[in-house]
Amino acid sequence: MFEDIDPRRPTPLWEQIAARVRVAVAAGELRPGESLPSVRELARRLRVNPATVAQAYRELAQEGFVETRHGSGTFVREVGTDRRAEERKLQAGELVRRLLEEGARLGITATELSNAFHDEVGGKDND
Amino acid sequence: MTNAIEIRGLRWQPSNSFAIRELDLTVPAGSIYGFLGPNGSGKTSTIRLLMGMAKPAGGEITILGGRIPADLPGALARTGYVPERPHVYFGLTVAEAMRLHGAFYPRWDGHWAEKMRDFFRLDPDQRVGKLSKGQLGKLVILLALAQRPELLILDEPTDGLDPVVRRDVLTAILDYVSETGASVFISSHLVHELERFCDWVGILDDGRLLAEMPMEAFKNEIKRVRVVDAPADTGPDLPFQLLGRHPSDGLGAGEVWIVRGWEDGMSTFFTQGGAAVRDVVHLDLEEGFVELLRASRPGVWGGINGTGLGLHKGVGEDPHVPDPAPAGEGEG
Amino acid sequence: MFRQMLFVHWKGVRFGLIPFILTAFGLPLLAVQGVTAGPGSPEASTIQAARLLGQMQQWLPLFPLLATVTGVTLALSSWAWDHRANHVYALTLPVARWEYVGMKMAAGALLLLLPVAAFWIGGLLATSALEIPEGLRAYPTAVAFRFLLSALTLYALLFSLAAGTLRTAMWILGGFVSLAVLGGVLPEFLAESFFPALEGWSFLDWFVDAILEWPGPFEVLTGSWMLVDV
């Protein structure tokens, strides 16, 4: 699930981890009550500083996505449909922003991108 | 005790060609501190001075609250050390080497040492001299960890090891740190590895510390700014620190400026001079490290006063600095 | 801690030490070879005694030589492994330097008892197999004790030298050589120009005498090594 955590990106690692969990929860990939790997386990798996994982979990807990039960671990909380939709909207916006930045760098306008988008989506519908 | 390691004003001059002058370095307790620097920058020398193996000309060194060399044995008892070259006796077997090591450290955990030995798949009756490089690398980290130290000082512990062994070694270190909150001071060339798990970074070049700050801060510290119609003369009042500028090779016209301390909104500096900022490129740890080094070596590619226009020195001339990625690459 | 150091020390020096243990055992036995116990007539006994003493004197130089070489070899091999491992252990183990070196030296000294014991046992066996003629006595224990002291002296002297780098060793040896040369030349020069009383005095002779005669450190080597004597 965390394969694309990349320290080379400008986003701090803890933020990348937290974002991934948020998306997973929003998309239903992670269900309420499911347990996340322990700080130690995840740090080991991703080969990152355990403090980084701890920070990600803290952030998620503060936002209400997870809760940490002392001794038993970190669990996904029940997140309302509204909240999930909101999260998805945020993620979509993030993706579009990245796309636009990339395009700007290559000299491709927003209109061209929009057209390409519709072609792609439209093309898929026709398949 | 707030700092695992404190170095203040360290001075050392082993020869005419190399010196450590007024080095200040701090490793906060519980942090994983990555010590970066090209070959010959003095990383191993600094570590040797830390461990009391060499005598500095001046300055203070404090490890875990104890002064070096006054409290040396006390500090060493709580420090796990992996030197650049293996220090175990080649004539002993793995089991004998472990027993010898364990006899000297009060907090040695023999039971856990054996578990690690099995995890690393080391044969206890195998002679140390007959171990492969990877196995030796695993053995020395095992010895350092089984001491249950409060601080780990690791001098390129994964150097020359294959990726599988590297992962095993790093996993063992991370596991230990998760469990105990020990501090780690690790020097390495493998920048990408350090980037993942260090929360502090110190960059050494030619005996001087060029930068020391939290890892996340450093990753945002240095950026490449692509500028078109840039003024030839920058003037003295720059809102950021200019490390160097050179013509942008590859796509796009204009120049690439390497800046330190860039903040959003600084593009106005350019626009009011008739120039424009095409793009601000984030640099990862390795690229930031390379740019910082380049800037600190006058004469190679512009330097701090930057007249890189047209003077494009071949990067191959400096053996320490690898070829840069062409300007404009990287994620922004 | 010391137990481990002793074990490791043994592992480090054993290949060098074992031949010396065997030699130390064998040498006294060889020394008494060929001297048979003759019939009990007084003349035969005198001839016997003369022959025995003669043989003892022949073997005389070998005992101190063995003791010296044993001590030196043990000193050098004590540090062989540390040199290979760049002395990192010695410098980074959590014990004071002097403590580490002290333990190492003690470990080596203990191991030195092995060839000494072998020599002693060999001597006892050799002299008990002999029928000592009247007027002579056997001194296996005394000679073994001399062996112990000689080997220990050489070991102790070379121990610190062996710990250093080759460069340090060269400096120290160079120092000694210059001292010897200077000691030979300087007194003459001084005698000529300033101190006529020094005429004919050799620093080298004086120095050699000082260390070889009691209470000099090398007296053990030059004393009596006769296994059987009057």
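Biologist: How many residues of chain C are in contact with chain B?

Modeller: In this predicted model, 22 residues of chain C are in contact with 27 residues of chain B, and the two chains bury about 2200 Å² between them, with 69% of that area on carbon and sulfur atoms.

Biologist: Why is the meeting of Glu96(B) and Lys11(C) called a salt bridge?

Modeller: The side chains of Glu96(B) and Lys11(C) come to 2.6 Å, N to O, and the cut-off for a lysine nitrogen and a glutamate carboxyl oxygen is within 4 Å, so the pair qualifies as a salt bridge. The count of salt bridges between chain C and chain B is 1, while residue pairs in polar contact, both at pLDDT 80 or more, number 6.

Biologist: Which elements of chain C give two or more residues to the side that touches chain B?

Modeller: They are α1 (2–31), α4 (80–84), α5 (88–92) and α6 (97–129) of chain C, and α1(C) gives the most, with 5 residues. By residue class, the side of chain C that touches chain B divides into 15 nonpolar, 3 polar and 4 charged.

Biologist: What makes a residue of chain C count as buried, and what percentage of them do?

Modeller: A residue counts as buried when its relative accessible area is under 20%, and 38% of the 230 residues of chain C count as such. Chain C, which has 10 helices and 2 strands, exposes about 12700 Å², of which carbon and sulfur atoms supply 71%.

Key
Residues numbered from 1 in each chain as written. Chains lettered and ligands numbered in written order. Predicted model: local features only at pLDDT ≥ 70, side-chain atom pairs only at ≥ 80, totals over all residues. Heavy atoms only, no water. Contact = heavy atoms within 4.5 Å. Buried area = accessible area lost by both parts, 1.4 Å probe. Polar contact = N/O pair within 3.5 Å; in protein donor to acceptor, adjacent residues only side chain to side chain. Helix = DSSP H or I, 4+ residues; strand = E, 2+ residues; numbered from the N terminus. Nonpolar A, V, L, I, M, F, W, Y, C, P; charged D, E, K, R; others polar. Buried < 20%, exposed > 50% of the residue type's maximum accessible area, 1.4 Å probe, protein only. Areas by Shrake-Rupley, 256 points an atom, 1.4 Å probe, with all protein chains shown as cover.
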